[in-house]
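Trainee: I have a model open on my screen and would like to learn how to read it. Could you walk me through it, feature by feature?

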Amino acid sequence: MGSITLKNVRKAFGEVEVIPGVDLTIEDGEFVVFVGPSGCGKSTLLRLIAGLEDVTSGGISIDGKDVTDAGPAQRGLAMVFQSYALYPHMSVRKNIAFPLKMAKMSEAEQEKRVSHAAKILNLDSYLDRKPGQLSGGQRQRVAIGRAIVREPSAFLFDEPLSNLDAALRVNMRVEISELHNSLKTTMIYVTHDQVEAMTMADKIVVLRAGRVEQVGSPLELYSRPANRFVGGFIGSPN
Ligand code: ADP
Ligand code: MG
């Protein structure tokens, strides 16, 4: 399960209205990319979905259940942060298990989930290393592992690859797409990179100044952009 619905979601910081109103439906299992220029509200929208920010008005539901007033822990979603959010003094194993330890899960269940995530991510032989002894791609996989062990109904990624070099970014894109194919869990992926959006998404949500300009598959956006902003941003000739 992992369908997410936003109904007229608004967000203002003081006087400044950052999200003037967003309606959006994300189906269970979809890979959805939020794309738009820097400062258009992508992170804010993701944080509203995660429960890390409160909406100013409007409603959010997950699997048909209203979670507008629920805290992040009650939403069953996992946010994947950039790899530099790892704890440098802890082993890979402890980094991955960290959210489970916080949730006071039994050691046996922690171990089971960590092993499972490590297998999916090809980190089996690195569990006793510290993040500093890993490559950038491996560190990013540890950050993803920390989300997988929570068995979330959706993964939320906020520009997870932006501090990796270009070659590694391409590899990690493929890895995240493959992870989606194997887990079939809803993923929302925020990026300002059109290529990432076009290559990874089932559905792209183009944002501009906190508003949804268009929602569609990469092909739909490319062949029938709703306006010049979308066309220009996506790189469509139309
Ligand atoms: P994006 O992720 O698309 O780059 P953000 O969601 O981070 O954009 O920011 C959208 C706008 O909201 C920006 O103008 C930013 O300065 C503003 N903003 C974000 N968070 C806060 C905050 N906590 N307080 C005030 N303004 C904020
Ligand atoms: Mg951002």
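Mentor: Gladly! Let's begin with sheets: two strands pair if DSSP finds at least two bridges between them. Keep in mind as we go that this is a predicted model.

Trainee: In what order do the six strands of the open sheet lie?

Mentor: The order is β6-β7-β8-β3-β9-β10, and the pairing is mixed. From one strand to the next, the twist averages 20 degrees.

Trainee: Which strands stand at the edges there?

Mentor: Those are β6 and β10 (211-216). Each has a single partner strand, so one side of each is left without a neighbour in the sheet.

Trainee: How should I read the side chains along a strand?

Mentor: The general idea is that in a regular strand the side chains alternate between the two faces of the sheet. Now look at strand β6 (residues 77-80): Leu77 and Met79 point one way, while Ala78 and Val80 point the other way.

Trainee: Are those β6 residues buried or exposed?

Mentor: All of them are buried.

Trainee: What is the order of the open sheet of four strands?

Mentor: That one reads β2-β1-β4-β5, with antiparallel pairing. Here β2 (16-26) and β5 (65-66) stand at the edges with a single partner strand each, so one side of each lacks a neighbour in the sheet. Further in, strand β1 (residues 4-13) pairs with strand β4 (residues 57-62) over five bridges, and Lys7 stands opposite Gly59 in β4. Two bridges join β4 to β5, where Ser61 stands opposite Asp66. The hairpin of β4 and β5 has two residues between the strands, and Asp63 there takes a positive phi near 50 degrees.

Trainee: Why does Gly59 count as partly exposed?

Mentor: A residue needs 20 or more other C-beta atoms within 10 Å to be buried, and 12 or fewer to be exposed. Gly59 has 14 C-beta neighbours inside 10 Å, so Gly59 counts as partly exposed. Leaving aside neighbours within four places in sequence, Gly59 is in contact with Lys7, Asp66 and Thr68. For a sense of scale, Gly59 and Met79 are 20 residues apart in sequence and 20 Å apart in space, C-alpha to C-alpha.

Trainee: Now for helices. How do I describe two that pack together?

Mentor: Two packed helices are described by the angle between their axes and the distance between the axes. In this model, the axes of helix α2 (residues 92-102) and helix α4 (residues 136-148) come within 7 Å and cross at roughly 35 degrees. The crossing is right-handed.

Trainee: Which residues of α2 and α4 meet?

Mentor: From α2 they are Val92, Asn95, Ile96, Phe98 and Pro99, and from α4 they are Val142, Gly145 and Arg146. By type, the residues of this contact divide into five nonpolar, two polar and one charged.

Trainee: Which residues of α2 are buried?

Mentor: They are Val92, Arg93, Asn95, Ile96, Ala97 and Leu100. These buried residues pack against α3 (107-120) as well as α4. Just after α2, look for Lys104, which takes a positive phi of about 60 degrees.

Trainee: Last topic, the ligand. Which residues are around ligand 1?

Mentor: The shell is made of Phe13, Val18, Gly36, Ser38, Gly39, Cys40, Gly41, Lys42, Ser43 and Thr44. They divide into three nonpolar, six polar and one charged. Helix α1 (residues 42-50) gives the most to this shell, with three residues.

Trainee: What can you tell me about Ser43?

Mentor: Ser43 lies in helix α1 and is partly exposed, with 17 other C-beta atoms within 10 Å. Not counting residues up to four places away in sequence, Ser43 touches Asp158 and Val190. Ser43 and Arg129 are 86 residues apart in sequence and 31 Å apart in space, C-alpha to C-alpha.

Note on methods: Residues are numbered from 1 along each chain as its sequence is written. Chains are lettered from A and ligands numbered from 1 in the order in which they are written. This is a predicted model: local features need pLDDT of at least 70, side-chain atom pairs count only at pLDDT 80 or more; totals for chains, interfaces and linings use all residues. A residue is near a molecule or strand if its C-beta atom, placed from the backbone, lies within 6 Å of it. Ala, Val, Leu, Ile, Met, Phe, Trp, Tyr, Cys and Pro count as nonpolar, Asp, Glu, Lys and Arg as charged, and the others, Gly among them, as polar. Axes are lines fitted to C-alpha atoms, for helices over the stretch in contact, and angles run from 0 to 180 degrees between N-to-C directions. A crossing is left-handed if the near helix is turned anticlockwise from the far one by less than a right angle, and right-handed if clockwise. Two residues are in contact if their C-beta atoms, placed from the backbone, lie within 7 Å.
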